[in-house]
Amino acid sequence: MDKLPLVLDLTGTFVFALSGALAGAKRALDLFGVLVLSFAAANSGGIARDLLIGVVPPGAIDDWRYLGVSLFAGIITFYFSSLIVRMSNPVLLFDAAGLALFAVTGSSKALAHGLNPVMAIVLGMVTGIGGGMVRDVLLAEIPTVLRAELYAVAALAAAAIVVVGHMLQLPVVPVTAVALILCFGLRVMAIRYGWRLPIAKFANQPDPNIAKEGSKNSKKS
């Protein structure tokens, strides 16, 4: 039980590293570029989480296992990317799995360091979305969290379940399982059916002064 957060954290690191490395391989990056993306995607959220709760140096830098898992996933992806891409939307599936795992570990670690429930939920979301945001920024893309179907909302839901379970003193393993399944399932269903939050609609409105000038000219003619 004591090792559960570490196991989840390393598992999330691995799947997020796969998503980052695969995104880099799809854009024909070299081996170094793929490894950089795998590490950035896998550890940025955890580093942000640790810095915000005062864990210095962050686990991703202090513990060699995070680097090892990230590089291992990157190398696998670089040499066997043709096998991985045969899956249906592999980047999105790995990203959804990493999102769920990091949202759970982020909120759990925040609670362990004495944060209040609301901020523990927020920190769980930040942990989940951080790696994907850095990955997309490095690839010069709009981050998925700002444009995709129910991304941050899924992370918030998972983190909220962990926090509520902690407050009610429910067993850790069932609560963790429900949070993981909910986040992953919600993200996959959102991708499949296009569920998303309302998006901003901006229409180019004609300048009223120009419209008035046009109407005067038409009257004169």
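Rings of Phe, Tyr and Trp (its six-membered ring) count as an aromatic pair if their centres lie within 6.5 Å; planes under 30 degrees apart are stacked, over 60 edge-to-face, and the rest tilted. The structure holds four such pairs.

Before you click, note that this is a predicted model, where local features need pLDDT of at least 70, side-chain atom pairs count only at pLDDT 80 or more, and totals for chains, interfaces and linings use all residues. Residues are numbered from 1 along each chain as its sequence is written, and side-chain values use heavy atoms, with hydrogens and water left out.

**Stop one: Phe16 and Phe102.** Select these two rings: they are tilted, 5.5 Å centre to centre with 35 degrees between the planes. Phe16 sits in helix 1 (residues 4-26) and Phe102 in helix 5 (residues 90-112), 86 residues apart. Helices here are DSSP runs of H or I with at least four residues, numbered from the N terminus. Both Phe16 and Phe102 are buried (under 20% relative accessible area, 1.4 Å probe, protein chains only).

**Stop two: the end of helix 1.** Just after this helix, show Ala28, which takes a positive phi of about 60 degrees.

**Stop three: the lining of the largest pocket.** Now select Pro5, Ser108, Val162, Val172 and Thr176, which lie nearest the pocket's centre among its 18 lining residues. A pocket is an open set of points on a 1 Å grid over the protein atoms alone, where a 1.4 Å probe fits, with protein on both sides within 12 Å along at least five of seven lines; lining residues have an atom within 4 Å of a point. Colour helix 5 next: its six residues are the largest share of this lining.

Key. Helix = DSSP H or I, 4+ residues; strand = E, 2+ residues; numbered from the N terminus. Buried < 20%, exposed > 50% of the residue type's maximum accessible area, 1.4 Å probe, protein only.
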